[in-house]
Amino acid sequence: VQLQASGGGLVQAGGSLRLSCVVSGVSVAVNAVTWFRQAPGKQREMVAYILSGGTTHSIDSVKGRFTISRDNAKNTLHLHMNSLKSEDRAVYYCVKALVPGAPLGMDYWGKGTQVTVSS
């Protein structure tokens, strides 16, 4: 199983980015996949997840700004990020969960992609 994230970069506050994660070895359609992030000096946190049945969830600090989605045909996970803030600056990781119906037991991590937001 491999997860390859891309799409990070430098953006001004208020701007948008779309992160993508190409998954190989398993189908995103029947697994729970998530986005985590880790900001400098902070603990890693789960930002959003999408379950095998299509249920999505995002944390309060990004709700209304970030949207997680998946393209089953391309076996790709996306994170659409709008109205970016300086506090969104972090390395973002796509991660597969062990349990298809819940964001539990993260078993495969991709390499991160850096998101930097300038004020």
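Arg37 forms a salt bridge with Asp88, the closest N and O atoms being 3.0 Å apart. A salt bridge here is a side-chain nitrogen of Lys or Arg within 4 Å of a carboxyl oxygen of Asp or Glu. Arg37 lies in strand S4 and Asp88 in the loop between S8 and S9, so the pair ties together parts that are 51 residues apart in sequence. Strands (E, at least two residues) and helices (H or I, at least four) are DSSP runs, numbered from the N terminus. Both partners, Arg37 and Asp88, are buried. Buried means under 20% relative accessible area, exposed means over 50%, and partly exposed lies in between (1.4 Å probe, protein chains only).

The model is predicted: local features need pLDDT of at least 70, side-chain atom pairs count only at pLDDT 80 or more, and totals for chains, interfaces and linings use all residues. Residues are numbered from 1 along each chain as its sequence is written, and side-chain values use heavy atoms, with hydrogens and water left out.

The relative accessible area of Arg37 is 6%, so Arg37 is buried. Glu45, at 32%, is partly exposed. Arg37, Glu45 and Asp88 belong to a network of salt bridges that also links Arg65. Side chains of opposite charge can pair when their charged atoms come close. The structure holds five salt bridges. One of them joins Asp60 to Lys63, with 3.6 Å between the closest N and O atoms. Asp60 counts as exposed, at 67% relative accessibility. Lys63 counts as partly exposed, at 45%.

The overall fold was examined next. The protein chain has 11 strands and zero helices. From the N terminus on, its elements run β-β-β-β-β-β-β-β-β-β-β. The radius of gyration is 13 Å, close to the 14 Å that the globule rule gives for 119 residues, so the chain is as compact as a globular protein of that length. This radius is taken over C-alpha atoms, and the globule rule is 2.2 Å times the number of residues to the power 0.38. Along the principal axes, the C-alpha atoms fill a box of roughly 40 × 25 × 25 Å. Of the 119 residues in the protein chain, 41% are buried. The accessible surface comes to about 6000 Å², and 49% of this belongs to carbon and sulfur atoms. Accessible areas come from the Shrake-Rupley method with a 1.4 Å probe; for residues, only the protein chains shown count as cover. Among contacts between residues at least 6 apart in sequence, 54% join residues at least 24 apart. Contact means heavy atoms within 4.5 Å.

The largest nonpolar core has 27 residues. Such a core is a set of buried Ala, Val, Leu, Ile, Met, Phe, Trp, Tyr and Cys residues joined through side-chain atoms within 4.5 Å. Trp35, Phe66, Leu77, Leu79, Met81 and Tyr92 have the most contacts inside the core. At least two core residues come from each of S1 (2–6), S3, S4 (33–38), S5 (45–50), S7 (66–71), S8 (76–81), S9 and S11 (113–118). Strand S3 gives the most, with four residues.

The structure holds one disulfide, defined as a pair of cysteine sulfur atoms within 2.5 Å. It joins Cys21 to Cys94, with an S to S distance of 2.0 Å. Cys21 lies in strand S3 (residues 17–24) and Cys94 in strand S9 (residues 90–97), so the pair ties together parts that are 73 residues apart in sequence. The link of Cys21 and Cys94 is right-handed, with 65° about the S-S bond. Cys21 and Cys94 are both buried.

Two further residues complete the account. Thr34 is placed in strand S4. Thr34 counts as buried, at 0% relative accessibility. Leaving out residues up to four places away in sequence, Thr34 touches Met46, Ala48, Tyr49, Leu77, Tyr93, Cys94, Val95, Pro103 and Met106. Ala29 lies in the loop between S3 and S4. Ala29 is partly exposed, with a relative accessible area of 22%. Under that sequence limit of four places, Ala29 touches Ser52, Arg70 and Asn72. Ala29 and Leu51 are 22 residues apart in sequence, and their C-alpha atoms are 8.4 Å apart in space.
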